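Open the model in your viewer and keep the selection panel at hand. The tour moves from one selection to the next.

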Amino acid sequence: MLRSWLDLDLNALGLPSLEATVKKNQLQKDLLARQEAFVARTQSIKEALEVLMREVERLEATLEGLAA
């Protein structure tokens, strides 16, 4: 309200402009989305590796059974 009354630029009051605030909020949303995607991919890779390791263990046990 003071800014409007005095017709001052927000930067003159030491406050970020509306555009800067909007851009910062968008950047934060983008960063959060990237972090969530990374976590999802990481979890998928971890699950795939766990399945693969169980399969390797199963195959090793089968091979040991055949060798015995």
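Which side chain does Arg58 meet in a salt bridge? Select Arg58 and look for Glu55: the two side chains form the salt bridge, at 2.5 Å from N to O. Bear in mind that this is a predicted model.

Arg58 and Glu55 both sit in helix H2, three residues apart, so about one helical turn separates them. Colour the pair by accessibility. Arg58 is partly exposed, with a relative accessible area of 44%. Glu55 is also partly exposed, at 34%.

Next, select Ile45, Leu49, Leu52 and Val56. Together they make a nonpolar surface patch of about 350 Å². Zoom in on Val56. This residue belongs to helix H2, which covers residues 18–67.

Zoom out and switch to cartoon. The protein has two helices and zero strands. Finally, colour every residue by burial. Of the 68 residues in the protein, buried ones make up 1%.

Methods
Residues numbered from 1 in each chain as written. Predicted model: local features only at pLDDT ≥ 70, side-chain atom pairs only at ≥ 80, totals over all residues. Heavy atoms only, no water. Patch = residues over 30% accessible without salt bridge, like charges linked within 9 Å, V, L, I, M, F, W, Y side chains within 5 Å. Areas by Shrake-Rupley, 256 points an atom, 1.4 Å probe, with all protein chains shown as cover. Salt bridge = Lys/Arg side-chain N within 4 Å of Asp/Glu carboxyl O. Helix = DSSP H or I, 4+ residues; strand = E, 2+ residues; numbered from the N terminus. Buried < 20%, exposed > 50% of the residue type's maximum accessible area, 1.4 Å probe, protein only.
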